[in-house]
Amino acid sequence: MEFFCYHRDRPGSLPLREELLEAHWSYMDRYAKELIARGPTFGEDGETLLGSVHIVDLPDPAAARAFAFDEPNYQAGAYRDVLLRRWRNVLGRTMWDFPGGRTGGDRYLVIGLGAGEAVDLDVPSGRQDELIAYGPLLSDDGAAWLGTAALVRAPDADAARAVLTAGRYADIEVYAWEFGGRR
């Protein structure tokens, strides 16, 4: 089962995050084979750290909750909240398989929070070369559509937002994102 996890930073937590960087990476190293994508998100200035995305393949919702809430930054109080949802890997690949590689172009996290009938369940036509990760957000049992999450290469935030169908979500959040992990 695949899960989308977005840890959102608590304001002022950067010194704590920096202090725990090795502990965070060591924790994630334990999940190296299960990770589909990972990386930090940033504010509009491109500098302010806002959170961390982890898309991971785990046996069940209990394992996903343990992954999200045992994470060292979460345990130390660096995060203000966690968005954890089942996810379906529509592209069938990891971020490391993205043909565009780790660098070149701007990258974004796009989260569409569901409202009403499911939308954007399949890869958007003509966008596959820009998509790093893409899939619906689902309830724990996988039966209910709760939204869509994507990691996308795009020239700007508006182009990234356009990967989702306008007017079909309660809200669409867009954050600058970069490939994560040890350098």
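This is a predicted model: local features need pLDDT of at least 70, side-chain atom pairs count only at pLDDT 80 or more; totals for chains, interfaces and linings use all residues.
Local features need pLDDT of at least 70 and side-chain atom pairs pLDDT 80 or more, while totals for chains, interfaces and linings use all residues, and side-chain values use heavy atoms, leaving out hydrogens and water.

Me: How many helices and strands are there in the protein chain?
Reply: Happy to start there! Helices (H or I, at least four residues) and strands (E, at least two) are DSSP runs, numbered from the N terminus. Along the sequence they follow the pattern β-α-α-β-β-α-α-β-β-β-β-α-β. That gives five helices and eight strands.

Me: What is the radius of gyration of the protein chain?
Reply: The radius is taken over C-alpha atoms, and the globule rule is 2.2 Å times the number of residues to the power 0.38. For 183 residues the rule gives 16 Å, and the chain comes close to that, so it is as compact as a globular protein of that length. The radius of gyration is 15 Å.

Me: What share of the 183 residues is buried?
Reply: Buried means under 20% relative accessible area, with a 1.4 Å probe and protein chains only. By that cut-off, buried residues make up 48%.

Me: Which residues is glycine 43 in contact with, leaving aside neighbours within four places in sequence?
Reply: Contact means heavy atoms within 4.5 Å. Valine 174 is 131 residues away along the chain, and its C-alpha atom is separated from that of glycine 43 by 9.5 Å. The contacts of glycine 43 beyond those neighbours are Thr48 and Leu50.

Me: Which residue in S8 stands opposite phenylalanine 42?
Reply: Two strands pair if DSSP finds at least two bridges between them. S2 and strand S8 (residues 169-177) pair in the antiparallel sense over two bridges. Opposite phenylalanine 42 stands alanine 176.

Me: How many bridges join strand S5 and S8?
Reply: Strand S5 covers residues 106-114 and pairs with S8 in the antiparallel sense. Within S5 and S8, isoleucine 111 stands opposite glutamate 173. The number of bridges is seven.

Technical notes
Residues are numbered from 1 along each chain as its sequence is written. Buried means under 20% relative accessible area, exposed over 50%, partly exposed in between (1.4 Å probe, protein chains only).
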